[in-house]
Amino acid sequence: MAKSPISSPLKDSDKKITANVLQSTLVDLIDLSLIAKQAHWNVVGTNFRSVHLQLDELVSTARTYTDSVAERANAIGVSPNGKASTVTESSGLSDYPDNWQDTQATVDAIVEVLSELIERLRKSIDETDKADLVTQDLLIEIAAELEKHHWMWQAQQQ
């Protein structure tokens, strides 16, 4: 870690754990926003409009929390990295298919991506239990919101 111009209230060992969790979450949320936007542009079929609009809601959630996570990293003296190359190299989410996808394939893919992200978030919540309760609280908030999205997407599966 490079020397930060921002001092941290955390011990170095706690800062390292928290920095890794925040960076991983940042990358996954950026990827989620890109996946959902790709799906938004390429969904076709029955119930197109509702799925299309629901994807924009997911993008908005992902972007909001991306900023919150990056700002939390800054607050503890860690420089966040949301560059495209970093997202490509380190996202823990499955790739989204190219081209048009029917609404059912879109719903199924989004359910899977959200499942992966929620599982990763819950591990990060556990990792920050002793290192940084403030970050843990943010992760809990994100998980709660994404679990709500996950439920709503699952409700559309046949």
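Student: Which residue forms a salt bridge with Asp-28, and how far apart are the closest N and O atoms?

Tutor: Keep in mind that this is a predicted model. Start with the general idea. Side chains of opposite charge can pair when their charged atoms come close. Now the case here. The partner of Asp-28 is Arg-120, and their closest N and O atoms are 2.5 Å apart. Asp-28 sits in helix α1 and Arg-120 in helix α4, so the pair ties together parts that are 92 residues apart in sequence.

Student: How many salt bridges does a search of the whole structure find?

Tutor: The search finds eight.

Student: At what angle do α1 and α4 pack?

Tutor: Helix α1 covers residues 12–42 and helix α4 covers residues 103–131. They pack at about 170 degrees, and their axes are 10 Å apart. An angle over 145 degrees counts as roughly antiparallel. Therefore α1 is roughly antiparallel to α4.

Student: Which residues of α1 and α4 meet?

Tutor: From α1, they include Ile-17, Val-21, Asp-28 and Leu-32. From α4, they include Ile-110, Leu-114, Leu-117 and Arg-120. By class, the residues of this contact of α1 with α4 are 12 nonpolar, six polar and five charged.

Student: How do α2 and α5 pack?

Tutor: Helix α2 (residues 48–75) and helix α5 (residues 133–154) pack at about 175 degrees, with axes 11 Å apart. That makes α2 roughly antiparallel to α5. Leu-55, Leu-58 and Tyr-65 are among the α2 residues in the contact, and Leu-138, Ile-142 and Trp-153 are among those from α5. The contact of α2 with α5 divides into 11 nonpolar, five polar and four charged residues.

Student: What is the volume of the second largest pocket, and what lines it?

Tutor: First the idea. Rolling a probe the size of a water molecule over the atoms shows where empty space is left. The second largest pocket has a volume of about 180 Å³. Its lining has 13 residues, and Asp-31, Ile-35, Ser-94, Asp-95 and Tyr-96 lie nearest the centre.

Student: Which helix supplies the largest share of that lining?

Tutor: Helix α1 does, with four residues. Both α1 and α3 (84–90) supply at least two each. By class, the lining of this second largest pocket has six nonpolar, four polar and three charged residues.

Notes
Residues numbered from 1 in each chain as written. Predicted model: local features only at pLDDT ≥ 70, side-chain atom pairs only at ≥ 80, totals over all residues. Heavy atoms only, no water. Axes fitted to C-alpha atoms, helices over the stretch in contact; angles between N-to-C directions. Parallel < 35°, antiparallel > 145°, perpendicular 65-115°, else oblique. Contact = heavy atoms within 4.5 Å. Nonpolar A, V, L, I, M, F, W, Y, C, P; charged D, E, K, R; others polar. 1 Å grid on protein atoms, 1.4 Å probe; cavity = no way out; pocket = protein on both sides within 12 Å on 5 of 7 lines; lining within 4 Å. Points joined across faces, edges and corners; volume = space filled by probe spheres on them. Salt bridge = Lys/Arg side-chain N within 4 Å of Asp/Glu carboxyl O.
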